[in-house]
Amino acid sequence: MQLFQKKSPFYNLALFYILISFITRVVLLFHPITQTSFTVIDSIKIFVLGLVSDAFVFLVASVLLWLYLLFLSNSKFDKPWGYIFFGGLVLLLLYAISGKSILHEYGGSLPEIGISFIALKTVLFGLLLFLPKYRSKIRFALYSITIFIFVLVIVQNAVSEFFFWNEFGVRYNFIAVDYLVYTNTVIGNIMESYPVVPLFIGVGLVSLIATIFIIKRSSNYLDHLPNGLEKIKNFGLYAFLFVISLFIIPAVAKLQNSTNVFANELQANGLYRFYLAFMNSELDYDKFYKTLPEKEAFALLQKQIPGIGRDSSLRQINSAAAENHKNVVLITIESYSADFLKAYGNDQKITPFIDSLATQSLLFTNLYAVGNRTVRGLEAVTLCFPPTAGESVVKRVDNKNKFSTGSIFKQRGYATKFLYGGDAYFDNMGDFFSGNGYDIVDKKAFQPNEISFANIWGVCDEDMANKAIQVMNQEASSGKPFFNHWMTVSNHRPFTYPDGKIDIDSHAKSREGGVKYTDYALRKFFAMAEKQPWFKNTVFVILADHCASSSGKTELPADKYRIPAMIYAPGFVAPKRYTNLMSQIDVMPTLFGLLNFKYDSKFYGQDVLKPDYKPRALIATYQDLGLIKDNVLTIISPVKKAKQFQLTLQPKEGIEPDFQLYYDQKPLEKERTDLIKETISYYQTASYLLKKKKYQK
């Protein structure tokens, strides 16, 4: 089978990858950070099982290379097929540049990327089609570039694994996934930390030399391309090996069972570890962060959350008054920064309704989101739990049957639903909410006549508002109280919405337009809700999932986590400002306090209206875990690092003191050990409870 012969590029690239992987293992084995000795069995497993793992990982990871080689053909340029294929590419290009493609619907850089790719493919196919005399030379040039790209990726991955090991002493984990998310920050750090120019030159030269060697060994492949029958055989063999690899790779990984952690890490394949980190979305707290003895960590947590158990967050919430089973509507607004509101200094008049509603509500003026992703916000208001290292619980495998706000309502006979204008499959929301007892109402529940406008994210917020009223009317007619959690979508790129609704052109695709349209849709929702018989018996909780932007001069810029939040219930909750520092995880426990709920709680979030509440806020990225308290921001991060910043208010003229947003963050001159330990206690115990499955309902 030609694809697997010694002169094929596939075979030679496989050998090159295995060789580079072997060299990487040897280098990591003798790295100063690998301070251990290995038994004979460990050494055999490192190299023999490591070799097996590398070979099968290459078979899976090289699928794009295989597809490229499979579609190398001369027959596709024969008449009439060549002209038909070229015509199809031209039509696809015209569609892409029309401005009405699905790429343009999303916006951002995607249209430019998509158009560039299709245009390049069209031009290259045209050259090969219309210049048959030069076809072999053009194909050889393209072939050489392709091989170089694959070689470069292999070499660059090996170098990346070395630097990752140099910093963390392990193969890729969720930190590596995090690095892909925060590319700009990582590139900046690399530029400052390493001799980038010599390093890149070295990587480029090694890749170039290896490419020349592989091309020389496989140059005959282009002169004797496989025919149709040979391609079918190649396809069958590769498909068989691909499927077999999917079983062998995890089976070999299970043999990483040595008591020597370094032996397991060296035996592992870095690319497969990256895949596992991406899929499992977790980062081992005990391995990468500062820790305290378990008893001390929970003892410190008990000082912050009075009444919890010795190794849990369980405590009793009591009330002297009778429980009030009002309906509850929780609205989390997509990407809604505090500085969009007039009170916080915005003069663009893009939130007129929310500005008005805030004056009629219990308004939390000093509240911080826990993270910078929607799944973090959903986790915060649903689980009332700190943002643990790695991905949100929403996206983890172990995300079901948790102690949640939904479970509290369910205990009281509430109908509990999650409403989302898009497909709840996105970001694993459907799996998370259905796995925690919520019924799902998303785009799939809409009839065609119920959709007036939709984009790539789903139906517009107006359509969801109409659907929400319909759902709530049905629930109210059953005689049961209801709890509905509505997640908005319109304030999200591409920021498109129906024409003629607001004074910002719907084709502008501006953030301001998205914000103002969501505000408009919420006004319509409340106008409809006020006419319903259930309105006077309903409490509305409105807050953002996270800010519109999270980038700043420091790891956790405080102003990029400040969000608006309020509880609106005319005749039940008096308009008032609550100005103490608080977290997104405190909103629902505070609501339960207003409803006089009596329950056994596992929440880290607290009722901020109770006298024993101690003001603090938890904010985080995927790996930087922070605590704001006493005007100090404490950040713990891998590898067992801790930083502290003094937060000094930078008043902005014309804004009331309750709504000042901006702080100067300077390194703390004298370390506050007490705050470092308190930060550790929050995140270490939270990670412990998840790992030990002690946060189940």
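**A nonpolar surface patch in a predicted model**

Colleague: Which residues form the nonpolar patch on the surface?

Modeller: In this predicted model, local features need pLDDT of at least 70, side-chain atom pairs count only at pLDDT 80 or more, and totals for chains use all residues. Residues are numbered from 1 along each chain, and side-chain values use heavy atoms, without hydrogens and water. A patch here takes residues with over 30% relative accessible area and no salt bridge, its nonpolar side chains (Val, Leu, Ile, Met, Phe, Trp, Tyr) being joined within 5 Å; a salt bridge is a Lys or Arg side-chain nitrogen within 4 Å of an Asp or Glu carboxyl oxygen. With about 560 Å² of accessible area together (Shrake-Rupley, 1.4 Å probe), the members are Tyr-83, Val-123, Leu-127, Phe-130, Leu-131 and Tyr-134.

Colleague: Which helix gives the most to the nonpolar patch?

Modeller: Helices are DSSP runs of H or I, at least four residues, and strands are runs of E, at least two, numbered from the N terminus. With 3 residues, the largest contribution comes from the helix at 110–130, α6.

Colleague: Is Leu-131 buried, partly exposed or exposed?

Modeller: Leu-131 lies in the loop between α6 and α7 (135–168). Buried means under 20% relative accessible area and exposed over 50%, with partly exposed in between. Leu-131 has 34% relative accessibility, so the residue is partly exposed.

Methods
Patches are made of residues with over 30% relative accessible area and no salt bridge: like charges are joined within 9 Å, nonpolar side chains (Val, Leu, Ile, Met, Phe, Trp, Tyr) within 5 Å. Buried means under 20% relative accessible area, exposed over 50%, partly exposed in between (1.4 Å probe, protein chains only).
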